[in-house]
Amino acid sequence: MKIDLTETTSSKINQALVSARRAIGTPAIGMVLTLVIVTDEENAYDALKSAGDASREHPSRIIAVIKRVSRSPRSRRDARLDAEVRVGSDAGTGETVVLRLHGELANHAQSVVLPLLLPDAPVVVWWPQDAPADPAKDPLGALAQRRITDAYAAEHPGRELAVRADSYTPGDTDLAWTRITPWRSMLAASLDQQSARVVSATVEGESENPSCELLAMWLADRLGVPVERTVSAGPGLTAVRMETKNGVIVLDRPDGSLATLSMQGQPDRAVALKRRDTAELLAEELRRLDPDNTYASTVRFGTEKLGGAAEPQRAEPAPAAGAAATAPAPAPAPAPAKKSAAKKAASK
């Protein structure tokens, strides 16, 4: 069921939610949290679809905040709120409210969202892209117990990790970190089977992938060993190699789906490491709302402490065969001048 509201208020939106629930015969509220999505028109559909799929595991009230850009000074002065209320099959297992804020109201989104939050329920704010430099100090982020960003969506993911480290507040997390949960689990399990200490490690993955940087920083921070970051064609993370005194542990995933775990003295094993979609990542983050201390320690470790180049090395182009054949030979280096007999005599 969908209800469109034009030039409305938060109070009318709440009334529409109650009316919609009664109309479909589900007046009771069984939602466990409020998920606030801060996005734009371009990315709103994908974000709402991912949140709706995640709500099947975590029934929630989803509030999408879309700030409409005003094109003229007059429209910037006119504050207006349009809303769309979705309940039932159109909203997953919870409720969805799409807010479009026009004019000056776009700068005061928290005043519109606050009356729509579920009472006595946690609040999570998610920025699919264009996250603020300090999510905890953002007016909407200040309402939440959990704040989710995505460094992969940034123009410069490496710099974005440094921003996240500088502004980290308990409750912050990033989907680039969530993407490597299966890798961290598999690597930790492989180390449980090896009694020898790790002496070094290498993380291989595509360039400008913050998940690769986070995995390398996690290994360096937790193991206290040098970790080299190398670049491959992808997709995403492709391999992790850990050197131990008993041999090498290699977790290799060249196709983004199926990985191979190789360990000294054991047969190779196939491991499912499929690249997960945004809905799965979001559902994982909504399972725990307490501060992630491991993420905090990892992101603060810093990419500058890693070894290896952040960009692929480009080889110098070789000269063409014809040019090499016709190029003049380099002149021989001049031989050192010999001292004259008179200078030799004077030096005696």
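**Close-ups of a predicted model**

**View 1. Where helix α7 meets helix α8.** Trp183, Arg184, Leu187 and Leu191 of α7 meet Leu215, Trp218, Leu219 and Leu223 of α8 (contact here is heavy atoms within 4.5 Å; helices are DSSP runs of H or I, at least four residues, and strands are runs of E, at least two, numbered from the N terminus). By class, that contact has seven nonpolar residues, no polar ones and one charged (Ala, Val, Leu, Ile, Met, Phe, Trp, Tyr, Cys and Pro count as nonpolar, Asp, Glu, Lys and Arg as charged, the others, Gly among them, as polar).

This is a predicted model, with local features needing pLDDT of at least 70 and side-chain atom pairs counting only at pLDDT 80 or more, while totals for chains, interfaces and linings use all residues. Residues are numbered from 1 along each chain as its sequence is written, and side-chain values use heavy atoms, leaving out hydrogens and water.

**View 2. The buried residues of α7.** Helix α7 covers residues 181-192. Its buried residues (under 20% relative accessible area, 1.4 Å probe, protein chains only) are Thr181, Trp183, Arg184, Leu187 and Ser190. Their cover includes α6 (175-178), α8 (210-223), β11 (237-244) and α9 (278-287).

**View 3. Glu84 in strand β4.** Glu84 sits in β4, residues 80-87, and is buried, at 12% relative accessible area. Its side chain makes a polar contact with the side chain of Arg86 at 2.7 Å (N or O atoms within 3.5 Å; within protein, one able to donate a hydrogen and the other to accept it, and residues adjacent in sequence counting only if both atoms are side-chain atoms). Leaving aside residues up to four places away in sequence, Glu84 touches Lys2, Ile3, Asp4, Thr96, Val97, Val98 and Arg100.

Note on methods: Buried means under 20% relative accessible area, exposed over 50%, partly exposed in between (1.4 Å probe, protein chains only). The expected span of a helix is 1.5 Å times one less than its number of residues.
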